[in-house]
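This briefing looks at a few selected residues, one topic at a time. Please have the sequence and the 3D view at hand while reading.

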Amino acid sequence: EAGLGESPACLQRMMFHSMELMNLKQLDEAENLRRKILHIMELSKGWDSLGTTAAAVQLSVTLVALGKLRESEELLQRCLAVRKKILSEDHIQVASILVHLARLSLLRIISDIKVNNDLCRSHLVRGKRLVNDAIRIAEKILNPSREDQKKPKNAFGIELERIAATGILLEALEIVGHLDSGRMAIQAWAPANSVLLLRLPREHMKHGYFKIDVVRIPDKCWLFIWPAKYRISLRYTTLRIHFNKFEKFDYEHFEQALRRWVSLYNEPRTRNIVSNALRPLYMKCWRTLVGATRHAPFMDAPHLQDLLAESQQIMKELGGENNMMTG
């Protein structure tokens, strides 16, 4: 009202106010305020500004909470293009947008799972691609090349960048676990790929068991058998055999994610970060990874059992495994 509504101090206070509104679940008011902030940034700085992209990301988070996924995704895609242009393809702020977009892919799977199975699969493929790109960028920062190491940087800036990259990496690894849960959910809602109808004497059905020698089950298929609702005659009935193809679980991708999780604790450069600065996120990531695949058939493999045992030992050292078991 005093003419300072577009000043940096006022914008900062508006952003803090919007955060409080989000915490209080007053989402509509938070959306209106964040739209106002973005509008001011657009007028004063234009879209080719990191400040404008930061305001747009905050608005996209609010839109996700309100279920406006498509508009949120459009904003993030625009932010991604701007940050790649201003910064670089492999900047940590680009990886941050990729993680946001990967989470949106998960939400799109949940929203479309009962409506369009093929669309959900495309969301799953896209989510994997986004999360892989985010992991690649984060690991490049944590393990810089010789040329990157020669670039002048102060020690404090390097440490902050490592913390940010480790946080992005943990968020991305957690999404790996959620993506597999999404894959299993997609499969659960998938229709059968083929159906075979057999004409069988009713007396065979009555005894509860029978032998079929002429049916060859394709590899990687689930078999569902149940009687049809109708009968051909008093002596014969039909049997429906459903062949439902399923995708092989990407256990190598899971193993790589869990190995990355373990390595963050074993490496001296990141051990202090995950033990202190990012400890809750580090423990949460482990619960998601292991919980999403607890009942997978490959979990009994010896090399994975050794890896899981090592990860459980890390959780014990951090004091988090008992809390996880209680939960």
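A residue is called buried when its relative accessible area is under 20%, exposed when that area is over 50%, and partly exposed in between. The model discussed here is predicted.

**Threonines in helix H3**
- Threonine 52 sits in helix H3, which covers residues 50-65.
- The relative accessibility of threonine 52 is 0%, so this residue counts as buried.
- Beyond its neighbours within four places in sequence, threonine 52 touches Leu38, Met41, Glu42, Lys45, Gly46 and Trp47.
- Threonine 62 is also part of helix H3.
- Threonine 62 is buried because its relative accessibility is 0%.
- With neighbours within four places in sequence set aside, the contacts of threonine 62 are Met22, Leu27, Ala30, Glu31 and Arg34.

**Cysteines and disulfides**
- Cysteine 120 has a relative accessibility of 0%, which is under 20%, so cysteine 120 counts as buried.
- Cysteine 10 has a relative accessible area of 24% and is therefore partly exposed.
- A disulfide is a covalent bond that joins the sulfur atoms of two cysteines.
- The structure contains 0 disulfides.

**A lysine in a loop**
- Lysine 25 belongs to the loop between helix H1 (8-23) and helix H2 (27-45).
- The relative accessible area of lysine 25 is 68%, so lysine 25 is exposed.
- Although lysine 25 is not a glycine, its phi is positive, at about 65°.

Methods:
Residues are numbered from 1 along each chain as its sequence is written. This is a predicted model: local features need pLDDT of at least 70, side-chain atom pairs count only at pLDDT 80 or more; totals for chains, interfaces and linings use all residues. Side-chain values use heavy atoms; hydrogens and water are left out. Helices (H or I, at least four residues) and strands (E, at least two) are DSSP runs, numbered from the N terminus. Buried means under 20% relative accessible area, exposed over 50%, partly exposed in between (1.4 Å probe, protein chains only). Contact means heavy atoms within 4.5 Å. A disulfide is a pair of cysteine sulfur atoms within 2.5 Å.
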